[in-house]
Amino acid sequence: MKNKKLQTMIAIGMLSSISFILMLFNFPLPALPAFLKVDFSDVPALIAAVTMGPVAGILVAFFKNVLDWLFAGSPTGVPVGHMANFVTSLLFILPVYFIYQKVATKKGMAFGLTIGTLSMAIGMSILNYFVFLPMYTYFLNMPPTTGDALFGMIVLGILPFNIIKGVLLTAVVLLMFSSMHTWIEKQRTYYLS
């Protein structure tokens, strides 16, 4: 039992480090707000969730954001972007985990990724409208964006960004899944039994 706990902690640490490194290779999408950047750091968190359970995925998402905040800081002084990234990760990986638990096939993974993308896109649109964008303007001492301007930013920026990000993550995970399916099932049998 101790051996399995130690292996789990080591695996979470390694996946968190990989996730943090992938977070550094972020890039903006043309025609969308420059502060929105795509990275593939949710892939290790998703692998952790699927192979070791939701707590492992949550921990990887948490540690990658803590590491990035410690190394890169935050323009607001408060890790608003990191909190938003953490919630984005959860909205993406948790639906995938729960659906894949029920249907552990490539179709189940594809369906989970689709629901994860929709969950992330809709959830982050709502949370940015009510929580994260108001926090940014408050901590940056800027006049708040309200009304039609805020709604336009959500509909024309946040929503399409998260849909595109979800599609890119889905493509990467499905490409990896084909070659890693046997390994994933072996890990699930070990960690989740």
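Is Glu 185 buried, partly exposed or exposed? In this predicted model, Glu 185 is partly exposed, with a relative accessible area of 23%. Buried means under 20% relative accessible area, exposed over 50%, and partly exposed in between (1.4 Å probe, protein chains only). The model is predicted, so local features need pLDDT of at least 70 and side-chain atom pairs count only at pLDDT 80 or more, while totals for chains, interfaces and linings use all residues. Residues are numbered from 1 along each chain as its sequence is written, and side-chain values use heavy atoms, with hydrogens and water left out.

Glu 185 forms a salt bridge with Arg 188, the closest N and O atoms being 3.6 Å apart. A salt bridge is a side-chain nitrogen of Lys or Arg within 4 Å of a carboxyl oxygen of Asp or Glu. Both residues lie in helix α6, three residues apart, about one turn of the helix. Helices (H or I, at least four residues) and strands (E, at least two) are DSSP runs, numbered from the N terminus. Arg 188 counts as buried, at 13% relative accessibility.

The count comes to three salt bridges. Asp 42, Lys 64 and Lys 165 are linked in a network of them. Lys 64 pairs with Asp 42 at a closest N and O distance of 2.9 Å. This pair links distant parts of the chain: Lys 64 is in helix α3 and Asp 42 in helix α2 (residues 42–52), 22 residues apart. Asp 42 also pairs with Lys 165, with the closest N and O atoms 3.9 Å apart. Lys 165 lies in helix α6 and Asp 42 in helix α2, so the pair ties together parts that are 123 residues apart in sequence. Lys 64 is buried at 0% relative accessible area, Asp 42 at 1% and Lys 165 at 3%.

Two residues other than glycine have a positive phi. Ala 31, with a phi of about 70°, lies in the loop between β1 (27–28) and β2 (37–38). Ala 31 is exposed, with a relative accessible area of 83%. Asn 141 has a phi of about 60° and lies in the loop between α5 and α6. At 73% relative accessibility, Asn 141 is also exposed. Most residues other than glycine have a negative phi.
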